[in-house]
Amino acid sequence: MTNSKLAVSLPGLELKNPVMPASGCFSFGEEFSKLYDLSKLGAIMIKAATEEERPGNKTPRVAETASGMLNAIGLQNPGVDHIMEHELKFLEQYDVPVIANVAGTKIEDYVSVAEKISGAPNVKALELNISCPNVKEGGIQFGTDPETARKLTYEVKNASSVPVYVKLSPNVTNIVDMAKSVGDMADGLTMINTLVGMRLDKSGRPILANITGGLSGPAIKPVSLNMIYQVRQHMPDVPIIGMGGIATTDDVFDYLSVGADAVAVGTMNFTDPYICPTLIDELATRVNTLNIDHIHDLKGRAYS
Amino acid sequence: MKNIMTVVSQEEIADKIYEMVLEGEITQNMTTPGQFVHVRVSGSTENVLRRPISISDINQDKSQFTITYRADGEGTGKLSRFKPGDAVDLLSPLGSGYPVEPGGHVLIVGGGIGVPPLYELSKQLNAIGVKTTHVLGFNSSKDIFYEEKFRALGETLIATADGSYGTEGFVTDVTRHLTDSFDRFYACGPKVMLKAVSDELDIDGYISLEERMGCGFGVCYACVCQRADGTQAKICTDGPVFRKGEIIL
């Protein structure tokens with residue numbers, strides 16, 4: 001089943017293929033395991049874990065927008081201990097590396113979650129969530145100030161027994177500065193998280209109870225492509241997992257072309273629950289049609 | 001879970017209320033009234049979220065079922081333009097439904113676009129000999145649908161908020177004056193109606209909730225609600241039907 005043309009090696013991660021579901025769009029995999037074999041995936045980015053259980057925000061928590069959606073779930077999760085005892089245990093039956101998304105409101109929380117969850121046998125890397133726009137404290141405030149982001153990355157990196165990827169927020173003035181400030185300490189970057197947005201109802205009031213939410217889906221793909229492209233120009237070697245509106249194999253190719261090493265599929269898992277295995281199958285066919293030795297032959301086409 | 005079904009017919013049966021009949025094998029899996037389908041309204045990525053729509057009628061002999069929905073937004077507007085023969089991509093059937101329990105006389109209460117799933121429910125209850133009384137609330141006479149269909153199954157009383165048809169007011173303005181004694185109730189409609197009905201009727205019952213949904217199958221945590229015991233429930237997978245008192249309304 002492994003197709004050597006699609007296999008990708010990244011710090012901590014031996015990916016059968018460069019496609020994985022993005023954090024928050026796949027829960028912890030159990031629902032999707034009823035639809036297809038999770039071992040088919042390159043990796044799984046599980047929903048954010050925090051030290052304590054979080055109930056999340058008030059509803060409504062989602063609203064559709066043109067070619068995208070807003071969400072303000074609020075990092076709802078059962079807490080890191082529960083996730084390790086139940087959700088991660090469940091995933092052990094599958095031959096797939098897990099990337100654990102780590103979130104918090106204080107540096108100590110991030111450190112504690114990172115220390116614990118990086119010890120799970122199937123967690124092969126962490127994704128440091130410094131960019132969630134939907135929580136009052138923590139999240140995005142860590143991801144919009146380069147110095148804070150750097151300090152947090154340093155602490156989490158020291159606490160983690162697996163490689164740490166930092167998930168960058170697009171809600172910054174200069175994405176390259178942010179990437180540089182964490183990039184020499186992190187093992188890799190994931191980009192991008194959602195863009196802050198809002199939608200009103202017919203009476204002129206915000207639909208989301210949180211007022212603002214994170215914009216995702218095909219609408220944000222051009223933003224993400226540009227940010228990855230910019231970062232790649234300054235950091236030729238940092239591993240980057242690209243995400244933002246991926247719906248087709250052409251989208252995957254676009255992400256590789258601007259310099260991503262692998263990709264994550266987010267919102268489209270809701271539109272088509274079978275999108276990840278569909279893309280993986282289509283990529284296998286397309287690399288053969290394109291007559292290339294490896295999918296990374298497409299990497300960097302936008303600037304080379 | 002994902003199925004491609006074919007549109008058999010589509011008709012506007014009241015103001016912006018559309019009834020679409022679909023055909024496909026998966027109808028055989030639809031057994032419980034109150035379940036819903038999650039419909040993709042366009043093959044493009046313009047609309048990334050599916051629309052949750054309840055199943056209003058199931059005809060297993062013909063492998064056909066009906067969805068009845070209000071087209072008052074961009075997505076449902078697109079759905080209303082589907083023609084017979086068109087293919088529809090849907091996830092189905094989703095969610096829990098109403099328990100169809102035998103015996104007694106039950107009260108079925110629906111408000112607006114909450115009325116459709118109650119039709120299949122009443123059909124199934126009547127099929128096992130349960131006596132049903134229906135109280136349906138709408139904003140105005142132009143919004144009323146399925147009155148005759150419900151009447152064929154049992155006593156049916158209508159309330160309109162503007163008084164243009166039936167009793168002026170809300171469903172509770174009708175239920176308050178019913179003299180029969182009921183064994184249980186089944187309700188679907190706006191949250192404010194579900195709360196009023198739950199508070200006023202001193203019998204057990206079942207309510208069906210709605211909320212803006214993302215995935216429809218328990219992944220995204222968009223459609224949560226609070227249980228009385230302090231835990232959270234997902235409307236898409238734990239519901240949409242809950243027992244009276246289980247959820248804080």
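Mentor: Begin with a cut-off: a disulfide is a pair of cysteine sulfur atoms within 2.5 Å. Keep in mind that this is a predicted model.

Trainee: Which cysteine sulfur is closest to that of Cys215(B), and how far away is it?

Mentor: A disulfide needs the two sulfurs within 2.5 Å. The closest cysteine sulfur to that of Cys215(B) is too far away for a bond. Cys215(B) itself is buried, at 1% relative accessibility. The partner sulfur is in Cys220(B), at 3.9 Å.

Trainee: What is the distance from Cys236(B) to the nearest cysteine sulfur?

Mentor: Cys236(B) is buried, with a relative accessible area of 2%. Cys236(B) takes part in no disulfide. The nearest cysteine sulfur belongs to Cys223(B), and the distance is 3.8 Å.

Trainee: How many disulfides does a search of the whole structure find?

Mentor: Each pair of sulfurs is held to the cut-off of 2.5 Å. The search covers all chains, and the number of disulfides found is zero.

Trainee: Why do the buried residues of helix 2 of chain A line one face of the helix?

Mentor: Helix 2 of chain A spans residues 80-91, and its buried residues are Val80(A), Ile83(A), Glu87(A), Leu88(A) and Leu91(A). In general, an α-helix has 3.6 residues a turn, so residues three or four places apart point the same way. Seen down the axis of helix 2 of chain A, the buried residues line one face because they fall within an arc of 90°.

Trainee: Which elements are among those that cover these buried residues of helix 2 of chain A?

Mentor: The cover comes from elements of chain A, both strands and a helix. It includes strand 4 (44-49), strand 7 (98-102), strand 8 (123-129) and helix 3 (107-117).

Trainee: Is Thr190(A) buried or exposed?

Mentor: Thr190(A) lies in strand 10 of chain A, residues 188-191. Beyond its neighbours within four places in sequence, its contacts include Met45(A), Tyr165(A), Leu168(A) and Ile241(A). Buried means under 20% relative accessible area. Thr190(A) has 0%, so the answer is buried.

Trainee: What volume does the largest cavity have?

Mentor: The search of the whole structure finds one cavity of 30 Å³ or more. The volume of the largest cavity is about 500 Å³.

Trainee: How many nonpolar residues are in the lining of the largest cavity?

Mentor: The lining has 34 residues, and among those nearest the centre are Ser23(A), Gly24(A) and Asn71(A). By class, 15 lining residues are polar, two are charged, and the nonpolar ones number 17.

Key. Residues numbered from 1 in each chain as written. Chains lettered and ligands numbered in written order. Predicted model: local features only at pLDDT ≥ 70, side-chain atom pairs only at ≥ 80, totals over all residues. Heavy atoms only, no water. Helix = DSSP H or I, 4+ residues; strand = E, 2+ residues; numbered from the N terminus. Buried < 20%, exposed > 50% of the residue type's maximum accessible area, 1.4 Å probe, protein only. Contact = heavy atoms within 4.5 Å. Arc of directions from axis to C-beta. 1 Å grid on protein atoms, 1.4 Å probe; cavity = no way out; pocket = protein on both sides within 12 Å on 5 of 7 lines; lining within 4 Å. Points joined across faces, edges and corners; volume = space filled by probe spheres on them. Nonpolar A, V, L, I, M, F, W, Y, C, P; charged D, E, K, R; others polar.
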